Amino acid sequence: MLFSTFGFSQNKPFAKGADVGWLPQMEATGYKFYDADGKEKDCLQLLKDRGMNSIRLRVWVNPNDDKASGHCSKEETVVMALRAQKMGMRVMIDFHYSDSWADPTKQYKPKAWKNHSFPELLNDVYNHTFDVISALKKAGVTPEWVQIGNEIPVGMLWPDGSTDNWQQLGQLLNKGYDAVKAVDKKIKVIVHVDEGNNNAKFRKFFDNATAQKVRYDVIGLSYYPFWIKKDYTEVIAELESNLNDMAKRYGKEVMIVEIGGEDDKVENTYQLLATAIKAAKNVPNHKGIGVLYWEPEGARSWSHYNLSAWQADGKPSPALDAFKE
């Protein structure tokens with residue numbers, strides 16, 4: 001059928017959204033969310049009111065129940081994805097392939113896979129990915145995007161899938177891709193690297209991915225000036241240039257899948273978001289498809305995380321108004 005060849009995001013609005021993995025735990029511990037007028041409101045509604053149309057959810061293999069570094073099981077993810085979809089939100093799933101946080105400093109195998117051989121690991125990645133996406137589909141939610149790995153400039157599932165062994169990393173990434181497409185060919189697969197302003201890092205990674213014939217649809221970037229100890233004004237031109245280069249060099253769509261600014265610098269964070277959204281929208285041929293804030297609702301009083309976009313009084317930061325059209 002001709003229609004199906006168009007893919008998911010064709011003619012879809014620009015994705016603006018948030019990763020809200022902490023939300024169920026926040027609610028379970030009694031945290032309340034309030035609108036600017038002081039009325040209590042559903043967090044997802046507050047985000048939607050600020051122009052957001054997409055929600056990103058992380059998945060861990062066998063997580064613990066620690067409020068800050070646990071949860072995000074398959075079951076919890078399905079519940080949250082359904083809730084987001086009922087609000088009219090589009091859904092992104094972010095596989096960490098770990099029992100807790102995976103990022104450039106740690107990409108540890110799930111305990112259950114620890115002693116598996118490499119061929120077994122390939123099956124683990126396929127089966128876990130297929131299982132979670134199938135559970136979502138069965139519940140009535142087809143994610144629009146799925147990330148195979150979270151911030152993987154140094155690979156994932158160490159040591160087997162380290163970038164020291166690109167041949168194996170390429171196979172692991174392709175197993176994830178194949179599992180997603182086996183559930184639904186229209187779901188877009190994202191490969192995600194941090195430091196979105198660092199063109200050399202991105203070229204090195206995606207040139208290697210190309211050499212290994214890694215299959216994916218979207219290049220995902222993180223963009224946090226705070227972590228590279230610079231103001232956004234110093235690196236926004238580098239971000240723009242990298243977004244454009246990635247789209248052109250690899251012929252892929254690009255998306256800022258994580259962004260955040262300091263919660264006590266409201267105007268600066270507003271401008272950071274506004275300029276990043278503009279940079280993504282300005283990528284030629286509509287190849288820049290979205291910007292998602294990482295845990296805007298994760299108020300510092302609850303999470304001790306200073307790059308949320310929530311105020312001490314339980315209200316959203318005015319910085320999030322950058323997502324309004």
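Tutor: Let us begin with terms: helices (H or I, at least four residues) and strands (E, at least two) are DSSP runs, numbered from the N terminus. The model is predicted, so local features need pLDDT of at least 70 and side-chain atom pairs pLDDT 80 or more, while totals for chains, interfaces and linings use all residues. Residues are numbered from 1 along each chain as its sequence is written, and side-chain values use heavy atoms, without hydrogens and water.

Student: Which strands close into the barrel, and in what order?

Tutor: Eight strands do so, in the order β1-β2-β3-β4-β5-β6-β7-β8. The pairing is parallel, where two strands pair if DSSP finds at least two bridges between them.

Student: What does the twist average from one strand to the next?

Tutor: The twist averages 25°. Angles here run from 0 to 180 degrees between N-to-C directions, with axes fitted to C-alpha atoms, for helices over the stretch in contact.

Student: How many bridges join β5 to β6?

Tutor: Four bridges join them. Strand β5 covers residues 188-193 and strand β6 covers residues 218-223, and the two run parallel.

Student: Which residue in β6 stands opposite V191?

Tutor: I219 in β6 stands opposite V191.

Student: On to the helices, then. Which strands does α3 touch?

Tutor: Helix α3 packs on the sheet and touches β2 as well as β3, which spans 90-95. Touching is a matter of contact, meaning heavy atoms within 4.5 Å.

Student: And what angle does the direction of α3 make with that of β2?

Tutor: The angle between the direction of α3 and that of β2 is about 180°.

Student: Which strands does α5 lie across?

Tutor: Helix α5, residues 166-183, lies across β4 (145-148) and β5. The helix runs at about 160° to β4.

Student: Changing topic: where does S317 lie?

Tutor: S317 lies in the segment after α9, a helix that spans 300-303.

Student: Is S317 buried or exposed?

Tutor: S317 is buried.

Student: Why does S317 count as buried?

Tutor: S317 counts as buried because its relative accessible area is 3%. Buried means under 20%, exposed over 50%, and partly exposed in between, with a 1.4 Å probe and protein chains only.

Student: Which residues is S317 in contact with, leaving aside its neighbours within four places in sequence?

Tutor: S317 is in contact with V266, A309, W310 and Q311.

Student: What separates the C-alpha atoms of S317 and M255?

Tutor: Those C-alpha atoms are separated by 23 Å. Along the chain, S317 and M255 are 62 residues apart.
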